[in-house]
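Dear colleague,

I am handing over the structure that you will be looking at, and my notes on what was found in it follow just after it. Please read them with the model open beside you.

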Amino acid sequence: MKKLGFFVFFVSFAMMLLGTIIVMSASSTYSVFKFDSLFHLTNSHIVKVLLGLIFMVIFSAVPYESYKKYSKQAIIAVAFLLVATLIFAPSIKGAGRWINLGVISFQPADVAKLLLIIHLAVLIENKNELITNFQQGYLYLFIWAVLISGLILIQPNISNGLLVLATSLAILFVGGAKLKHILYSLLFCFVSGGMAAMLFSHSRNRILTFITSLHTGGSINIQVKQAVLGFGSGGLLGVGIGHSRQSNLFLPEAYGDFIFAIFGEEMGFIGSIALLICFLALFTAGLIIAKKTKDKYGQLLAFGIIFSITIYAFVNIAVSIGLVPTTGIPLPFISYGGTSLIFLCISVGILINIALSNNAKEHIVPDNKRHSEVRR
Amino acid sequence: MNNSRVLFLIAGVFIFFLAIAVKLFSIQILKSEELKYLAERQQTGIENINAERGLIFDRNNVLLVYNRNDISFYLDMRMALSKEEKKKIGEKFSAVFGKSVSYYSDLMNVSGKTICLEKKAPSEKALLLKNFKAIGLFYKEEPTRIYQYNNLASHVIGYLSNDLHGVNGIEKTFDNQLKGFNGQMYVEKNAIGDMITVAEEQTKAAEPGNNIILSINKSFQIILEEELKKGLENFGGTSALGIVMDPNNGEILAMSDQHDFNPNCFWEYSDTLRRNKILTDTYEPGSTFKTITMSALLDQKLCRDDETINVENGKYKFNNVFINDSHNGNSTLTVRGVLEQSSNVGMSKLVQRIDNELFYKYIRGFGFGNYSSIDLPGEAEGSLKKPTGWTPITKAFLSFGYELSVTPIQLISAYAAVINGGTLFQPQIIKRIMDSKGAVLNENSPKSIRSVISRETSARMREYLRGVVENGTGKAAKLDFISVGGKTGTSQKLVDGKYSKSHYNSSFIGFFPVENPQILCLVLVNSPERGRYGGAVAAPIFKEVAEKIAKLNSKLFQSNQIIKKEKPELKNHYSAINSESNITPASNNTIRKIDNNYALKNNLMPDLSSYSLRDALLCLSKLGLKYKISGSGIVVAQSITPGIKIQKGNTCIISCQESKINGAVIY
């Protein structure tokens, strides 16, 4: 378990290092154009990476059980924060997602996502068998999941909201909720979510362009078109780090959500697959940590964190190659990070702590006992 | 945690992974070539490198036309500038260019397009803005053609349109020679079109255009233009045309059409003013044409010098048409006298002795009714009826220059044949063409078209024409120190199909020295207001021109005369030309390029002396120095001592002087 903890740390660290290099390559032209300085965005990114690493180390030392006590208060507070964001946040590109605390501005959605995972894990452990009961168990969990993801959704931040919901449902699914309940609530979500998506113009347009492109077989939008050109010119081996041409303002905000296109251009097919395998390895490591964790809360927390990271990574990549409609979510560890990178590091820190704290107890708890605990 | 459910999710994630991998494979491996092509198409581009246009020199290598790279400043208003930024730009530009701040703020009061803040600013001023940066502000180098002496020889040189194509004169005829070949460079661009890197190995450098050395002599040109201007002031008139030609080879030494224009700002002048009327406008030559008639008669030995002709006191009815003499009062004149007194009656009587076909053949032989094929655009061929179309009076009227129309260039070429021994030369305006490195590409040799009259006839005609100036209508052209021959001409202009009583063309064509003509000069004043006869209007102008040219080159004439006498007469013109062209290599050496590489590499001031002006300017702008020029030609002095460390932005004053072929400074 200790080994797994270090593995997670080093893979994350390596990916953030790689990310920094790619951000440098992808943002330099834009930085010069916009800020008249080659490293303007890179410098800001490096600060966030360093902060992230510090937080990762700090949180890997905080016992994960300590969050149990305050998870309810925290999730209520963050719900209020999300409501406040809806009311007060300035609108960026038609979406008010940021809250400004003077020194630092951050997306409450990032905090909410982590707190929801913690709270769901806490609730599932508390409800135990009751989770199979719709009214007394499942409904509580589902309401929290829908409330938080719904608040994120109507910011509007459709993609983030949907992914938070998906992560929550995955936790419920793994946590032992009845499949029937999940399917019904999923149906309910699709109907109401679909209606909500058509309600907001910027998400509606994105969905509509995606649907149109399926008919015509044409390119999805300019960002994806430019991203695909980047992947294509990368070929098998790539053009080499720092040699991307698509980052010369052809691909808008290449250092952000579409950074994987620049990565694919510079590192080629081999590099892209290697990065995907890194995420898979991290996913596997996370699952093993979850599996080997003694308590249900720790298990679900570890699972939720690693599932969330993986699903974000894969959806981001799928977006950049035109597999799913364009969404505004970053590629974990790699993208030019706002504060979301810091919250990502915190969640990785928690995962490492789970791995480290279960190290000693691993041999004491018999395997079959834990099994029966889950089954009961 | 439910194991089977976790496995189910793992399977889901793995399928997701596979889908991504397959899609990546299809994009990055299968479609790679196609996408790479599309990407490169938008990422790279071909940029033109403008070739420097060739320079134009006069026959003594005086630089007349060169290029300067001016800098235009543009502002992309799509960048949505803030008020403060606009104010900053306005104030800076106002400080540099001296225009008001509000002028610039008015310009910037648009959005969504690129505006030009300052067009073709001289590089001295543009350098002041070198370190000034603002969002959306960019500059472009734009070549500007500089006509060093403004109006000088404007009709010969022509001008460039805004898209850098020659429109008139030499600039048009030799556009292909002058323009050179544009180079290309392959550049990597960003989405906005800014250049990022240049692929050096794929860059093809621009080839500068060829330099043209005119046959024009700048000092003759100045004399001719000044005198024509004075003449216009003295006598009035719509225009005054003048040509100075070397009769022995057809080279044009000066050519002017007053009023002229300034090719540096050609757009301020009307089309009519920019047209070279010497080539484009035809007129009835009048009495100046009697020389041609007389040459034909003498060549056919159809009259003797001392023969007397009854000129009927200047009024003679011929086939029911009256022919009048303007200078009447004589009852009889000798054949010489007919020409000297310019008697129309005498001419029309004499011309009856020659057969129609033969007379026509002579006129054609002298080049009338045909293009002179000078290397300048827009030439007219004039009109000359064939003998089958002649009426009974046509020959008589032809004999004194009516019923045909000619251009001044045709007439002066014909006169050259009359006085030079009988050979008609194609008039030439170009002496040689050199490439930008100074190698001669094309040396023009005299192009003789045909022999029209015999050498004896020519010699007699020279004497006749001397008589016109000494005893006849051309007395006003007489010079004390050198013998002059010539012929006056006054022709009524056709206005609305009738010969006008108030509009005349007054002309004079003269040459000197009579014994061995070196300079032939035509002066034509259109509709003079004071005076009408060629002898009273054009001849005095000719005299001034001739006197100044002769005085300027008195030594030259003497030495040339000696050369001529030594050589066998037949090869006269050729030997003269050959001896001149032998000197050419030396002239190239005087404008040599000194290798100042060492100085340049170490950022030291190079020695510019004996640089051509263009090379000097190129060198200075490369060094980032501002410059001021005095004079033109070859650099003789510079204000920054060679070998001194250069400080960018300093001003270097260079003074230039024009040099003659053999290296001696003559101006």
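In which loop of chain B is B:Pro513 found? Keeping in mind throughout that this is a predicted model, you can look for B:Pro513 in the loop between β22 (498-512) and β23 (519-526) of chain B. The peptide bond that leads from B:Phe512 to B:Pro513 is cis, and its omega is near -20 degrees.

A cis peptide bond also joins B:Gln258 and B:His259, where omega is about 5 degrees. Here B:His259 has its place in the loop between β10 (251-258) and α10 (271-274) of chain B. As background for these bonds and for the next residues, most peptide bonds are trans, and most residues other than glycine have a negative phi.

Two residues of chain B deserve a look for their phi angles. B:Ala153, which is not a glycine, has a positive phi near 55 degrees, and it lies in the loop between β5 (137-147) and α6 (154-157) of chain B. With a relative accessibility of 1%, B:Ala153 counts as buried, because that value falls under the 20% cut-off. B:Ser527, likewise a residue other than glycine, has a positive phi near 45 degrees, and its place is in the loop between β23 and α19 (534-552) of chain B. B:Ser527 also counts as buried, since its relative accessibility is 8%.

Helix α18 of chain B covers residues 455-471, which makes 17 residues, and it reaches 24 Å from its first C-alpha to its last, close to the 24 Å expected at 1.5 Å a residue. Among the buried residues of α18(B) are B:Thr457, B:Met461, B:Arg462, B:Tyr464, B:Leu465 and B:Val468.

Finally, a word on the cysteines: how many disulfides does the structure hold over all chains? The count is zero.

Conventions: Residues are numbered from 1 along each chain as its sequence is written. Chains are lettered from A and ligands numbered from 1 in the order in which they are written. This is a predicted model: local features need pLDDT of at least 70, side-chain atom pairs count only at pLDDT 80 or more; totals for chains, interfaces and linings use all residues. Side-chain values use heavy atoms; hydrogens and water are left out. A disulfide is a pair of cysteine sulfur atoms within 2.5 Å. Helices (H or I, at least four residues) and strands (E, at least two) are DSSP runs, numbered from the N terminus. Buried means under 20% relative accessible area, exposed over 50%, partly exposed in between (1.4 Å probe, protein chains only). The expected span of a helix is 1.5 Å times one less than its number of residues.
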